[in-house]
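Here are my notes on the model you sent. Please read them with the structure open beside you.

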Amino acid sequence: RLFKKTILIATGAGIAPVLPYVFSADKRDVFVIWVARTPETVFSKEVYDPVASLPNVIIHDTKKGHPDMLEMCLRVVHDWGAEAVYIVSNKPATFKVVQGLSEVGVPAFGAIWDS
């Protein structure tokens, strides 16, 4: 394994590619940050409940406002000791998080929209 502790950030339906990690046997080394509007009502219980039951998770409902995902992620990197971050989000959020983390030396990966 390349990284021992990883943060997976998803916004909205971006949770879909994160689900294989949610359903994997060992969840201790993954921290999920999910930002979505009313995810407990928009997504099925089969999606929401397993994510919400993770030992390391933040679910932010954007109905209460949009968080600064870079700040949120940096806090988790510092407090939890994550070694890398993967993000599945829109272009502006992905660029902000990847660039911000890269500037402080945290490996961060997301779509690059180059095609």
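1. Salt bridges, terms first. A salt bridge here is a side-chain nitrogen of Lys or Arg within 4 Å of a carboxyl oxygen of Asp or Glu. Side chains of opposite charge can pair when their charged atoms come close. The structure holds 3 salt bridges.

2. Ground rules. This is a predicted model, in which local features need pLDDT of at least 70 and side-chain atom pairs count only at pLDDT 80 or more, while totals for chains, interfaces and linings use all residues. Residues are numbered from 1 along each chain as its sequence is written, and side-chain values use heavy atoms, with hydrogens and water left out. Helices (H or I, at least four residues) and strands (E, at least two) are DSSP runs, numbered from the N terminus. Buried means under 20% relative accessible area, exposed means over 50%, and partly exposed is in between (1.4 Å probe, protein chains only).

3. The pair in H3. Lys-45 and Asp-49 meet in a salt bridge, with N to O at 2.8 Å. They are 4 residues apart in helix H3 (residues 45-52), so about one helical turn separates them. Lys-45 is exposed, at 59% relative accessibility. Asp-49 is partly exposed, at 33%.

4. The pair that links two parts. Asp-68 forms a salt bridge with Lys-96, and the closest N and O atoms are 3.5 Å apart. Asp-68 sits in the loop between S3 and H4 and Lys-96 in helix H5, so the pair ties together parts that are 28 residues apart in sequence. Both ends are partly exposed: Asp-68 has a relative accessible area of 34%, and Lys-96 has 44%.

5. Asp-68 again. At the start of H4, a side-chain oxygen of Asp-68 reaches to within 3.1 Å of the backbone nitrogen of Leu-70.

6. Arg-75 forms a salt bridge with Glu-71, the closest N and O atoms being 3.7 Å apart. Both lie in helix H4, 4 residues apart, about one turn of the helix. Arg-75 is partly exposed at 43% relative accessibility. Glu-71 is partly exposed at 47%.

7. H4, length check. The expected span of a helix is 1.5 Å times one less than its number of residues. For the 12 residues of H4 (residues 69-80) that gives 16 Å, and the end C-alpha atoms are 16 Å apart, which agrees.

8. H4, which face is covered? Met-69, Leu-70, Met-72, Cys-73, Val-76, Val-77 and Trp-80 are buried. Seen down the axis of H4, these buried residues fall within an arc of 160 degrees, so they line one face of the helix. The arc is taken from the directions from the helix axis to the C-beta atoms. The face turned away from the buried side carries the exposed residues His-78 and Asp-79.

9. What covers H4. The cover over its buried residues includes strands S1 (6-11), S2 (30-36), S3 (57-61) and S4 (84-88), and helix H5 (91-103). Contact means heavy atoms within 4.5 Å.

10. The sheet. Two strands pair if DSSP finds at least two bridges between them. 5 strands form an open sheet in the order S3-S2-S1-S4-S5, with parallel pairing. S3 and S5 stand at the edges with a single partner strand each, so one side of each has no neighbour in the sheet.

11. S1 and its neighbours. 6 bridges join S1 to S2; Leu-8 has Val-32 in S2 as its bridge partner. 5 bridges join S1 to S4; Thr-6 has Ala-84 in S4 as its partner. In a regular strand the side chains alternate between the two faces of the sheet. In S1 both faces are covered: Thr-6, Leu-8 and Ala-10 on one side and Ile-7, Ile-9 and Thr-11 on the other are all buried.

12. Backbone points to inspect. Just after H4, Gly-81 takes a positive phi of about 80 degrees. Thr-38 is not a glycine, yet has a positive phi of about 35 degrees. Thr-38 lies in the loop between S2 and helix H2 (39-42) and is buried, with a relative accessible area of 15%. Trp-113, also not a glycine, has a positive phi of about 45 degrees. Trp-113 lies in the segment after strand S5 (108-109) and is partly exposed, at 37% relative accessibility.

Conventions. Polar contact = N/O pair within 3.5 Å; in protein donor to acceptor, adjacent residues only side chain to side chain.
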